[in-house]
Every structure is written in structure tokens, then in C-alpha cells.
Amino acid sequence: MNSDKILKRVLFFSSLVIVMIAAAMVFSLFEGSLPSISKFGWRFLISDKWDPTQGSENYGALLFIVGTILTSVLALVIAIPLAFCTSLFVAEYFHGTKLASIVGTLVDLLAGIPSIIYGLWGFYILCPLVVEAGLSPQGFGIFTSALILAIMIVPYATSLSNTTIAMVPNDLKEAAYALGATRLEVIRTVILPNARSGMTASYILAFGRAIGETLAVTMLIGNENAIPHGLFSTGNTMASVIANQFGEASGLQLSALIELALLLFVITTIINAIGKYIIKKIG
Amino acid sequence: MKKSIVLVALLSLMTLGNKVSAQSISGAGATFPEPFYNAAFATYQRLANAKVTYGGIGSGGGIRSLKDKIVDFGASDAFLTNQELHGMPAPVVHIPTCSGAVVVAYNLPGVKQIKLTPTVLASIFLGQIRNWNHPALKKLNPGVRFPNKEITVVHRSDGSGTTNMFTDYLTKVNNVWRSKVGAGKTVNWPVGVGAKGNPGVAGAIHQTQGSIGYIGSEYAFAQREPSALIQNKAGKFIKATVASTSAAGKGKIPADTRVMLTNSSAPTAYPIAGFTWLLIYKDQAYNNRSLAQAQATLKLIDWMVSRNAQGLAVKTNYAPLPAGVAARAKAILRTVTYKGKRILK
Amino acid sequence: MDNIINIGKTAGLLSSIGYRKAKNNIFKILVMVFSFLTISMVFLIIGTLLVKGYKQINLAFFTQVAPDTFTAMMATANGEVIPGGIVNGILGSIYLVLIASAIAIPMGIVIGVYLSENSKKKYACVIRDLADIMQGVPSIVIGIIAYIWVVVPLTKGYSVLAGGVALAIMMLPLIVRSTEESLKMVPDTLKEAAIALGTPYYKVIWRVLIPTSFSGLISGILLAVSRVLGETAPLMLTTLGNPDVNWNVAKPGSAVPLLIWQFYNDPNMVNLIWSSTIFLMGFVLILNLISKWIGAKRK
């Protein structure tokens with residue numbers, strides 16, 4: 001019994017690591033954004049100006065918030081059907097076969113490609129396609145970035161889903177088949193409810209990856225500091241502008257960028273919470 | 001448990017193993033001179049048994065690293081303003097190592113060469129001239145057949161010394177630009193799309209017909225991008241080359257070399273050019289720095305501004321320092337002290 | 001629409017075997033189509049990489065350090081293959097991943113165990129949400145954090161250790177959540193049986209829960225490692241880069257993504273980025289195969 005208690009204590013204290021890291025992040029980011037917060041206050045959230053010119057500096061987060069939400073949500077919308085079906089393919093329809101093993105490995109390889117390469121691939125292959133389709137003059141834009149993001153996050157969405165779908169107990173599935181259920185019905189009534197927690201977790205993780213992606217987006221989104229007015233117009237995201245300007249920024253600009261990072265924390269929290277709520281309501 | 005102890009022991013052994021080795025120097029900063037610096041440092045490593053690590057994290061990152069005293073030298077395309085100098089913990093000196101230019105590249109199939117005046121250039125980037133068949137362009141280039149195509153402006157999305165040089169030039173030569181946009185590493189571009197890095201801009205220009213943009217010379221020269229001839233202060237239309245870039249440094253330079261070379265009055269100078277500097281503290285005895293470390297750092301920088309390294313600069317498409325500036329650089333190095341005593345003779 | 005359903009219900013159509021089978025088959029076709037789409041994307045991307053990069057792959061690639069721009073320029077001018085390789089990056093990346101894994105894997109698994117064992121508690125929900133939020137932090141911000149907390153105060157300079165810490169923070173949410181979710185899928189009956197037999201808690205975890213969910217744990221770890229192998233931004237602010245191989249954790253080190261970034265920005269070395277990426281893919285593939293082999297052995 002004693003060792004049990006000690007173990008439970010150890011487990012509890014280990015969880016504090018997450019709290020400490022998160023607290024350290026929030027603290028450092030908050031400290032760095034104080035100059036910007038004190039200068040702009042609430043207006044930062046609704047201002048669509050981003051002017052680093054010396055003498056007339058004025059920063060606002062609105063453009064980037066809109067761009068971030070548009071690209072990452074669109075990326076998730078594109079990625080979920082792809083990932084969902086691929087997970088069923090690997091973990092249910094062809095579970096245990098060599099084909100599933102190969103497909104699973106191939107998809108996992110996608111996670112190892114550096115984001116700069118995704119950006120370049122999108123630039124050389126996707127952009128010309130978009131230009132040919134007449135959707136955009138140079139191929140840059142929200143849609144192109146979202147498409148690349150979708151491909152990038154598919155392995156995150158499939159990895160955990162594959163595991164949880166495969167681990168649904170066989171006897172539950174067999175019982176359903178014995179009652180005359182079709183495969184779709186087994187999936188709907190047995191697999192999905194059981195695997196729901198894991199699948200939700202994987203989509204939230206995939207979304208996190210999308211919202212925080214910098215290089216690939218920055219190479220494809222056109223970096224125009226204006227509110228995007230359509231799916232194929234250019235725009236900018238928070239992660240992208242931070243990565244672009246951080247190297248050369250100082251003073252108030254640096255503080256504004258750090259405030260953007262802090263805001264991203266908040267936005268991720270809100271969207272994650274909304275996502276979890278929606279899933280709860282559907283199920 | 002056992003495995004982690006072994007791992008920790010191995011790791012500490014590895015740390016120990018490196019105490020007795022060549023002097024190691026670290027620097028960080030500008031990406032513009034990075035290819036030249038890497039080539040130079042590799043050569044220096046063979047000559048002097050000193051290992052130099054350099055990270056091209058951006059001029060801002062270089063200044064930040066120097067401020068935090070975690071590197072031996074910083075590198076920047078823009079010199080520190082008086083205000084920034086005050087913000088540093090101790091006096092800093094600037095040593096120019098080479099110069100570069102900003103070329104204006106374009107994508108017009110069939111067009112061999114175009115000439116631009118400062119006014120027309122600024123108007124294009126301001127969005128006032130929106131089509132290639134605008135009368136102002138036709139007037140400047142009578143023999144050229146311009147298509148009826150919209151001009152797509154491409155600029156940098158990331159903060160950069162190249163942008164700083166380009167916008168500094170436009171600010172000097174055009175009042176509208178000065179009041180509307182101004183100069184800086186990042187500015188509020190009136191028109192155009194942003195691409196990341198020189199490769200991004202070059203790639204965007206290649207893929208978009210009718211586009212125009214600015215690229216750092218180290219990239220443009222190596223890739224042989226077609227670039228426009230710009231009219232300089234003396235009225236001549238100059239092509240960006242290593243020679244015309246160096247010529248921009250031949251005028252009067254302040255003693256501490258902190259000057260923007262844009263819009264130079266030298267007759268053969270390319271008007272959009274500038275130095276890049278290495279930054280070090282004037283007094284090298286900080287943070288328990290050893291004399292040996294300070295000496296190694298200074299010897300490296302001294303070598304960088306001397307003939308062999310400058311010859312390497314030319315080979316890698318960078319403009320070497322004019323003789324007067326190189327001499328000035330060496331003089332500045334000899335004012336750097338360690339606990340009050342000069343380090344280099 | 002409602003009328004049709006009512007008519008259908010009366011005719012017993014909706015619950016007829018034919019209708020259910022039709023839905024089943026349509027769904028199967030949809031799954032196949034979307035899976036095919038995903039796989040073709042994979043082939044497109046990997047194919048592009050191979051086509052663009054195979055010429056630069058040779059033995060020297062794995063044994064020599066990165067070339068400088070002058071050497072590369074000379075080689076390209078003569079139409080030769082660019083000499084040199086990326087061994088400083090390869091060993092640097094492996095070193096970084098080892099350090100990051102040593103920090104993140106034990107911690108991630110332990111925290112995952114805690115979350116799965118206490119999943120109903122409010123505190124656990126907070127930890128879970130924090131982990132999900134951490135996953136959304138851009139890699140450059142994590143680099144900034146590691147700069148503030150390790151580079152400046154601890155190692156007083158750019159260092160491999162700072163890079164390892166930054167990568168560890170990035171690996172943590174993935175490992176924590178996949179451990180938690182994999183453990184949750186272990187049937188309660190197994191756990192209860194072990195407890196009923198009087199097994200102490202630590203043995204239940206070590207000998208029942210973890211082995212059963214092992215493949216899930218490995219997948220999570222593999223995904224986390226694959227991700228950090230390709231990260232650039234945090235490494236620029238922490239480990240900076242190094243022209244040589246470096247084993248000193250307190251000094252700057254190299255990594256393949258850093259080299260890729262360097263090659264990309266250098267007009268003479270841009271072609272090397274494809275072969276470097278092929279190497280990274282090959283490395284991830286090998287890790288994948290090893291983990292599948294371990295999983296198979298356990299069965």
C-alpha cells in the first residue's frame with residue numbers, strides 16, 4: 001500500500017511539469033508584451049493596422065487573428081475527411097494486412113518532412129495549379145496555405161486515431177456482426193463511440209499543429225497585411241508574422257509580436273474548448 | 001534507471017572531451033553576408049586552427065545576441081543608431097566587412113534591359129504606376145516593347161537588411177515615399193505580395209509574368225537575375241555589379257563607418273548599395289572573457305578585412321571594401337581594448 | 001424530405017437489408033476514395049523529393065561536412081555534383097533528438113499515465129487542456145522561451161542543450177496525449193483482474209497497462225520524434241548551427257533542418273535541400289520500421 005501511495009504522489013508531481021512549462025511560457029510572453037499592452041490596450045485586438053515605420057508605429061492583431069482562424073479551421077475541415085477515411089482504411093477495413101502497414105508508414109512519413117519543404121513543394125507544384133485554375137494571380141493565398149496545412153496535419157490526425165480504432169475490443173465488434181449489423185453500422189455504433197476520445201484528441205492535436213505552423217504558411221499566404229476578403233485572397237497569420245519579423249524586430253515592434261504570441265495562446269484555448277464542446281454535443 | 005545514469009555519464013564525458021581543442025568563436029546575425037562569411041570562416045579554420053560558428057538568424061538576432069553577451073561578435077546590415085548604441089550595456093564598435101547591393105529584378109519575357117529613374121521606381125512600388133505600358137516607362141526606354149500587363153510588385157515578407165537598404169534609398173530620393181512609407185527593415189508596403197527571403201522573392205518573380213521586385217545582390221549575382229539599370233545621383237544609368245557596388249563606398253565615410261551608402265554621389269556608383277558590419281564590444285574584458293578569446297576574435301576580424309578574405313568576397317559575388325575603408329576598419333580594430341590595453345598591434 | 005422518410009418507414013424500406021447494404025457499400029467507396037486521395041498526395045510529395053534530390057545522394061553525403069558557397073559555386077559551374085555532405089547536421093540532429101527524447105519520453109509517459117488514471121478529476125482536465133494548448137504554440141515561440149530560459153542564463157551562449165530542451169517541449173504534448181488515450185483503450189477488466197489478484201499499483205502499470213498499449217505509445221513517440229527532426233525555427237534561436245560535428249552540449253550544434261535553411265538561402269547550394277530532405281525521410285522511415293519490428297516482436 002505504501003508503494004502505491006508513493007507512486008500516486010510521483011505521478012501527481014510529474015503532472016506539475018506541464019503546469020510549470022505553461023506558466024513559464026505565459027510569464028515570459030506576458031513580460032515581453034507589457035510595453036505593447038500598455039501602449040495599445042484593448043485596441044490591439046480590433047485594430048487592423050500594422051505599421052513598423054519609425055515614428056508612427058501602430059500595431060494591431062485583427063488581420064492576423066482572422067488569417068489564423070481562416071487557415072487553420074479550413075485546414076482542419078479539409079484534413080478530417082481525409083484522415084478519418086485513411087484511419088478506417090488502415091485500422092479497420094484492411095487492419096493487419098501488409099497494405100495497411102505500408103499505407104500507415106507512408107502517411108507517417110509525412111510528419112517528418114520539414115515545413116520549409118512543404119512550403120517549397122506548395123510553391124512549385126500547388127501555386128501554378130491554382131494560377132492555371134484562374135483562382136488567383138500568383139497562386140498565393142488562404143486556400144493554398146490551408147491545403148498545404150491540411151496535408152501536413154493528416155499524419156497527426158491519423159496516428160492516434162489508428163491506434164484507438166484498432167484497440168476497440170474485438171468481442172464488441174463480433175457481437176454486433178452476430179446481430180446482423182453491416183460494417184458501416186458496426187463502425188457507427190461500436191467503433192466510433194469507443195474510439196471517440198482518442199479520435200477527438202488526435203484532431204485537437206492536428207489543429208494545434210495547424211495553428212502553430214509558421215514556415216509553410218509564410219511561404220504560401222502572400223503576406224499581405226489586409227483583411228482577406230475571399231478564400232483565394234492573400235492574408236497573414238500570427239505565427240507567420242512572428243516568424244517573419246522576429247529576427248529583425250526590436251523595441252515596440254518586438255513587444256507587439258510577443259503580444260501576438262500571447263494572444264495565440266488565448267485563441268488556441270478558446271477554439272480547443274469550442275471544438276471539445278461541439279464534439280460533446282454531437283456524441 | 002540504470003540506462004539514464006549511463007546516458008548522463010556519457011553526456012558529461014562528451015562535454016569534458018572538448019576542453020582541449022582549437023579556439024572556438026561564435027557569431028550570429030545578418031543573413032545577407034552569410035555565404036561569404038561561411039566560406040571565409042571555413043578558409044580561416046584551415047589557416048588558424050580556430051573554429052568559427054555563425055548563425056544567420058537576422059541582424060536583429062545578431063544585435064540581440066551581442067546585447068545578451070552570448071556571442072563573440074554580432075553581424076548586422078544596419079548600423080546601430082545612437083539610441084540603439086545607448087541601449088547596449090557597453091560601447092560597441094562597427095567594423096565593415098564588405099558591401100552589397102539591392103538589385104531590381106523583373107519578369108518581362110523578351111525584354112533585355114530596362115532603365116529606371118528613382119521617381120519611376122518609387123512610383124511603381126507606391127502603386128502609382130500600375131501597368132507596364134505606362135508612358136513614363138516608355139519614355140525612359142524608347143526601344144523596348146512593353147506589354148499591356150499589370151505590374152505585380154513583389155517585396156519581402158520577413159524583416160531584412162535588404163528591405164532596409166531599398167527603402168532607405170527610396171526615402172532619400174522620393175518625397176512621397178518618405179512621407180507615406182519611410183524606411184526600415186519591415187515597412188507597410190502600399191502594394192504587392194510578400195515572399196520570404198531572397199529565394200522567395202526570386203521564385204515569385206520567376207513564376208509571375210509582369211512582376212518586379214528587389215533582391216539582395218549576393219543572390220541576384222549568383223543566379224544571374226536580369227536587373228534594371230538605375231539612374232544614380234550623377235545622372236548615369238548604372239547596372240548593379242560588384243564593381244559599381246564597391247564604387248559606392250568610395251566617397252567620404254565617417255570615422256566610425258556608420259553610414260548608409262545609398263544614393264552615393266560617386267559617378268560610377270550603383271545607387272542602392274551599403275556596407276555590412278561586424279559588431280563587438282570596445283572593451284573585451286566582460287563576462288569572464290579570457291584574453292585568448294578576445295585575441296582570437298580580433299584576429300579573425302582583422303583577417304576578414306585584409307586582402308585574402310576580401311579577394312574571397314569578390315569570388316563569392318560580394319563587393320570588397322575600398323582601400324580607404326579597409327584601412328579605416330583596421331584602425332578601428334586597433335582601438336579595441338582588453339582591460340585598458342590594446343589587443344592588436 | 002420528411003414525407004419520403006415516412007413513406008419509406010411504412011414500406012419498411014429504411015430498415016431493409018438492401019438499403020442498409022447500399023449505405024454500407026457507398027460508405028466503403030467513400031473511404032477508399034479519400035484514402036486514395038491521401039496516398040496519392042503522399043506519393044506526389046515524396047516523388048517530387050526523390051526526383052529533385054537523387055543526384056546529390058552519394059557516400060560522401062553521409063561522411064563529409066557541409067560545403068561552403070564557393071566550393072558549391074565552382075562545382076555547379078563545372079556541372080559537377082556539389083562535394084561535401086551533411087554529416088555535421090546528421091549527427092547534430094541525432095544528438096538533439098536523443099537529448100530531447102531523454103527528457104520528453106519518460107516525462108511524457110508518466111504524465112500520460114497520471115492523466116489516464118485520474119481522467120475524471122477536474123485537475124486532470126486542466127492538465128489535459130494545457131497540453132493541448134501547448135501543442136498549438138508556434139515552434140518559434142518555443143525557441144524564444146528556450147532562448148530566455150536556457151541560452152542566456154544557463155549555458156550563456158547558443159548550445160545543443162537549449163535546442164534539446166526546446167525540442168523536448170515540442171514533443172511533450174504529443175507523447176502525453178497519445179499515452180493517455182492509448183492507456184484509456186485498455187479494457188478495465190484487465191486492470192481490475194490484476195488488482196483483484198493483489199498486484200501492487202506500479203506493477204499494474206508496468207506489467208499490464210503499458211505492455212497492452214505499447215503500440216499506441218510507440219506511435220505517439222514516433223510521431224513526436226518525426227516532428228522535431230524537421231523543425232527549424234526553434235533551433236535557430238537555441239543551437240544556432242555548427243560547420244563541424246560537435247558533442248559539447250554547452251556549445252552550438254548543427255542539425256539537418258538548419259542546414260536545409262542555410263542551403264535554401266544560399267544561391268549556390270539550393271539544390272542540396274532535396275537530398276537533405278530525402279535523408280530525413282529515410283531516417284524517419286527507418287525509425288518507423290524499427291518500431292514496427294519492436295511491436296511485432298512483442299506479439
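In this predicted model, chain B contains an open sheet of 3 strands, arranged in the order S5-S9-S10 with mixed pairing. Its edge strands are S5 (115–116) and S10 (237–238) of chain B, each of which pairs on one side only. Strands S5(B) and S9(B), the latter covering residues 229–231, run parallel and are joined by 2 bridges. Within this pairing, Lys115(B) has Leu229(B) in S9(B) as its bridge partner. As a general point, the strands of a sheet pair through backbone hydrogen bonds, either parallel or antiparallel.

**A sheet of 8 strands in chain B**

Chain B also holds an open sheet of 8 strands, whose order is S2-S1-S3-S11-S4-S8-S6-S7, again with mixed pairing. Here the edge strands are S2 (50–55) and S7 (193–195) of chain B, and each pairs on one side only. Neighbouring strands of this sheet are turned against each other by 25° on average, when direction is ignored.

At one end of the order, strand S1 of chain B (residues 23–29) runs parallel to S2(B), and 6 bridges join the two. One residue pair can be named: Ser26(B) has Thr53(B) in S2(B) as its bridge partner. A helix is also placed against this sheet. Helix H2 of chain B (residues 34–48) lies across S2 and strand S4 (92–106) of chain B, and runs at about 165° to S2(B).

| Residue | Phi | C-beta neighbours inside 10 Å |
|---|---|---|
| Asn263(B) | near 55° | 19 neighbours |
| Leu240(C) | near 60° | 32 neighbours |

Asn263(B) is a residue other than glycine with a positive phi. Its place is the loop between helix H11 (242–247) and strand S11 (273–281) of chain B. Is Asn263(B) buried or partly exposed? Asn263(B) counts as partly exposed because 19 C-beta neighbours lie inside 10 Å, whereas the term buried requires 20 or more.

Leu240(C), likewise a residue other than glycine, has a positive phi as well. This residue is found in the loop of chain C between helix H12 (233–238) and helix H13 (256–265). Leu240(C) counts as buried because it has 32 C-beta neighbours inside 10 Å.

**Where chain A touches chain B**

How many residues of chain A are in contact with chain B? There are 24 of them, and they meet 25 residues of chain B. Several elements of chain A each supply at least two residues to this side: strand S1 (50–51), helix H5 (115–132), helix H9 (215–220) and helix H10 (238–246). The largest share, 3 residues, comes from H5(A). By residue class, the side of chain A that touches chain B divides into 9 nonpolar, 12 polar and 3 charged residues.

**The two domains of chain C**

Chain C is divided into domain 1 (10–54) and domain 2 (87–298). Taken over C-alpha atoms, the centres of these domains of chain C are separated by 32 Å. The contact between them takes 5 residues from domain 1 and 5 residues from domain 2 of chain C. On the side of domain 1 of chain C that touches domain 2, the residues divide into 3 nonpolar, 1 polar and 1 charged.

Notes. Residues are numbered from 1 along each chain as its sequence is written. Chains are lettered from A and ligands numbered from 1 in the order in which they are written. This is a predicted model: local features need pLDDT of at least 70, side-chain atom pairs count only at pLDDT 80 or more; totals for chains, interfaces and linings use all residues. Two strands pair if DSSP finds at least two bridges between them. Helices (H or I, at least four residues) and strands (E, at least two) are DSSP runs, numbered from the N terminus. A residue is buried if 20 or more other C-beta atoms lie within 10 Å of its own, exposed if 12 or fewer, and partly exposed in between; C-beta atoms are placed from the backbone. Two residues are in contact if their C-beta atoms, placed from the backbone, lie within 7 Å. Ala, Val, Leu, Ile, Met, Phe, Trp, Tyr, Cys and Pro count as nonpolar, Asp, Glu, Lys and Arg as charged, and the others, Gly among them, as polar. Domain bounds come from an automatic or database domain assignment. Axes are lines fitted to C-alpha atoms, for helices over the stretch in contact, and angles run from 0 to 180 degrees between N-to-C directions.
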